[in-house]
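Have a look at the structure, then go through the points in order.

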Amino acid sequence: MKTYLIDDDHLAIFLARHLLQSEGFSNTICAFQSAEEALAELLTHEREGLPRVIFLDLNMPVMNGWQFLEALTPHADELRGHCHIYILTSSLALADLEKSKHYQLVDGLIHKPLDRSELRAIRARLEPGAGAS
Amino acid sequence: MPTRDQPAAQALFEHSAEAAFVLNPLGVYQQVTARFAQLLGQPAAQLVGSSFVASLDPAQARLHQHQLARAAAGAVVRYQAPVWGPAGPVEVEFQLLPPLAPGSACYGLAHPLAERLHLSTTLLERERQLSVVFDNLADVTFVLAVEPDGRFRFVFVNEAFYRTTGLLVSHVTGRYAEEIIPEPALSLVLGHYRQAVASGQRVMWQETSVYPNGQVTGEVSITPVHNELGECFQLVGVVHDLTKEKQVEEALRRSNERFRYALKATSDAIYDWNVADDTLYWGEGWAERFGYELTPQPAPLGQWAAAVHPDDQARVVEGRRQAITADAPLWEAEYRLRRADGAWASVLDRGYLLRTAEGRAVRMLGAIQDVTERERAAAQQRLLTQRLSRQNADLQQFGYIVSHNLRSPLANALGYADLLPSLPAGTPVFAEALQHLAATLRQFDQVVTDVNGILALRDEQAGYHPELVDVAAVCQLALLDLQEPLRACGGEFESHLPATLRLPGSRAYFHSIFHNLFSNAIKYRSEARALRLQVASHTSPTGEVTLTVRDNGRGFDQQRVGTDMFQLYRRFHHGPAGRGIGLFLVKTHVEAMGGRISVRSEVEVGTEFTLSFPMNYDADAL
């Protein structure tokens, strides 16, 4: 599964990348330390080129996770069903969880650190009956 | 009847079988019974208006004169004298009852002695007649027998006695005074009774007693009655009820007293505006509260009008005048009033208009209340509430940010602890992960250190005392620390701060502000051009001092950053350089000194921070 990692913290990206690799979750991993870059990249692709999963951090400079989601809203129709966005945040604030429910593109909110069981659950949901891709 | 017209009693009197008469204080007949007129052989109508003494035997004139004077002096007089009747001389016993009150009428009875023996039935009738007379008197009347042992027994009381005291006639008659009159009044009246007995003279006094019907205040007169031997055997008492007069008098006195104390209790300036004269009569509050002289009194309205704030003049002075023609009974205005010492007071002025029956306003009674303190307190309350709610919001934000930023490295550390065991030890990737774990723990430590520093800063602010700071000197000092990196990037610095500029605040805060702003400017300079950093100041006519720190650096998209750019851990540049704490500190310090900070920025043009400080800011104001 093609996967985007969007997080300004390179330590967090390193961690997520290794976990995804060791779990065989993704065949392609694209990491972005800026949401703007990720957005630009995402919008260049036709449907086939879109990532299946996006792990999105919230707390980032310049464009934060929410602003990224707002920027995607006009493109929601093209993305829906193909691109599954998971918020990956260190925040435990309930307000963030509540807010995430207002975005239809968001499939779930995961508290950092990302772990294996979480990844398996996502895969099970996206590829029912499938093994590692 | 002399003092109180009671026609029924009068008719009864005139047609009574008794020979009786009523004399005014001059000894002139006011009334006579038909029987008395008959005894003298003269028409009743002719007797009324003529002199008692002159109507009788001139040979007895001196006797009558003398006895009449005794009666007038208060004695019950009984004497005999010959009277020339239609059938010749008849021996008559005269009885004169003293006037019940000074200046009132004197009652008299005449009994032809020849008839006396067979008059036992008429004697009873006479008793009855007297009762009628007495019971129709509004004044309490009673007769006390002076007993040989010196005690006083009630032998007669009239209806008025009951009406006034609530004590039944049957209950009183035959009882001793000490059984009827309560202490402490008893001791007092017994003293007066004894005095009347001893002196043979009328005794008068005022007293207040408590009876079943309530408190009674009366003017009492006690007249001794003597027998032929000159011994006092009876006392005739009359009580003129003064309770009503006393009550009215007392109520008026209390009301006046209340008004006087109310005037003292109020700090308001009370006034009485005479519309026709256009003058104000001031209460003491005008002097006590606002410091004005109370002379002349009344003062022209213009004196007050001149003390009204110029901006309020038209509204208030005209408003008062227009109230005269308006229908409303009340006029009210809030305005600023100059005290005699020149200071301004906020006042609430309320006036009540007195109008004639035709509706013309003649006077306005009002009060000017000084609400300066109250308004000041309310303003402080508002300010305090504002500050509290801002601080509360800050704290909430602080809590959120801190938990977020504390959790962030912690989550990474947990992730690495989880990842490391799955990586083959000794490989480069294991070494890198281990390095990252160390880095993330250092981050964690940095956040804890920052939080500690910020909390210390808040504690520090609690003990903050402003001093006058030489801003230009502090600015140079802050620059000195950054001289090296500034030179390294080829930047230049210009200060337009006047050397004389002094601002109330903290030297350390100003240093921190300049240091953070300058190091940001260096950190986020544009790669495209050499850094130019400028500091300037401007003083507005109102005394507000504005400092500007401007650079030509990278800038940022202001719309995207929004209003919360001074928040803790808020970063608006990519890259690891900033922790997002510098501007938070700058803002905290500026606000601690009573200032405000704002920013304007444009991508790839530059950033300008504006810091405003009120010149006369007093940190201890709250």
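1. Let's start with B:D370: buried or exposed? At 14% relative accessibility, B:D370 counts as buried, where buried means under 20% relative accessible area, exposed over 50% and partly exposed in between (1.4 Å probe, protein chains only). You'll find B:D370 in strand β16 of chain B, residues 361-370. Helices (H or I, at least four residues) and strands (E, at least two) are DSSP runs, numbered from the N terminus.

2. A word on ground rules: this is a predicted model, so local features need pLDDT of at least 70 and side-chain atom pairs count only at pLDDT 80 or more, while totals for chains, interfaces and linings use all residues. Residues are numbered from 1 along each chain as its sequence is written, chains are lettered from A and ligands numbered from 1 in the order in which they are written, and side-chain values use heavy atoms, leaving out hydrogens and water.

3. Which side chains does the side chain of B:D370 meet in polar contacts? One is that of B:R289, at 3.4 Å, and another is that of B:R339, at 2.9 Å. A polar contact is a pair of N or O atoms within 3.5 Å; within protein, one must be able to donate a hydrogen and the other to accept it, and residues adjacent in sequence count only if both atoms are side-chain atoms.

4. Leaving aside residues up to four places away in sequence, B:D370 also touches B:F290, B:A345, B:S346 and B:V347, among others. Contact here means heavy atoms within 4.5 Å.

5. Now for the two chains together: 26 residues of chain B are in contact with 26 residues of chain A. About 2400 Å² is buried between them, with carbon and sulfur atoms giving 56% of that; buried area is the accessible area (1.4 Å probe) that two parts lose on being put together, summed over both. The rule finds five residue pairs in polar contact across this interface, both residues at pLDDT 80 or more.

6. On the chain B side, α16 (372-419) and α17 (428-462) each supply at least two of the residues that touch chain A. The largest share, twelve residues, comes from α16(B).

7. Finally, the record: an unreviewed UniProt entry lists "domain: PAC" for residues 201-254 and 331-383 of chain B, though such annotations may be inferred rather than shown by experiment. Residues 331-383 of chain B are 23% helix and 57% strand, with end C-alpha atoms 32 Å apart.
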